[in-house]
Structure formats: structure tokens, C-alpha cells
Amino acid sequence: MAVPKRKMSRSNTRHRRARWKASTPALAPVTVDGDSYLVPQRLRKAYERGLLRPDG
């Protein structure tokens, strides 16, 4: 694991943390019981198999 050689200032630490942003998940269309829904792409197969139920 990388170990810093010197202490990072509080200002630099906060600037580094502030740049991180969460992105919205990519949505994919899924048809369940004749109704189409937009669900996160990584959960698409779970909705198709009936393991999850879309709210609505």
C-alpha cells in the first residue's frame, strides 16, 4: 500500500475530497408484466428474473 512521505495539509485534503462526485446510475428499460420501467443497468437481470419488483 502507498504511504505518503509527508503530511498532507488540511487545505489540500479538503480540496481533494471536494472533487469527488457520485454519478447517477445508467438506466436501462425493462418490461415487467407489460409495463416498462427504467431501472439501473446492473440490476436489469434481477428485475427480468423477478427477483426484484419495480415500485410504481
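## The hairpin and its turn

Strand 1 and strand 2 of this predicted model form a hairpin with two residues between them, where strands are DSSP runs of E with at least two residues, helices are runs of H or I with at least four residues, and both are numbered from the N terminus. Strand 1 (residues 27–32) and strand 2 (residues 35–40) run antiparallel and are joined by six bridges, two strands being taken as paired if DSSP finds at least two bridges between them. Within this pairing, Val-30 has Tyr-37 in strand 2 as its bridge partner.

Asp-33 lies in the loop between the two strands, and its phi is near 55°, a positive value in a residue other than glycine. Asp-33 counts as exposed because its relative accessibility is 76% (buried means under 20% relative accessible area, exposed over 50%, and partly exposed in between, with a 1.4 Å probe and protein chains only).

## From the turn to helix 2

Asp-33 and Glu-48 are 15 residues apart in sequence, and their C-alpha atoms are 9.8 Å apart in space. Glu-48 forms a salt bridge with Arg-44, with the closest N and O atoms 3.3 Å apart; the term requires a side-chain nitrogen of Lys or Arg within 4 Å of a carboxyl oxygen of Asp or Glu. A search of the whole structure finds one salt bridge.

Because Glu-48 and Arg-44 are four residues apart in helix 2 (residues 44–49), about one helical turn separates them. Glu-48 is partly exposed at a relative accessible area of 48%, and Arg-44 is also partly exposed, at 35%.

## Basis of the values

Residues are numbered from 1 along each chain as its sequence is written, and side-chain values use heavy atoms, with hydrogens and water left out. As this is a predicted model, local features need pLDDT of at least 70 and side-chain atom pairs count only at pLDDT 80 or more, whereas totals for chains, interfaces and linings use all residues.
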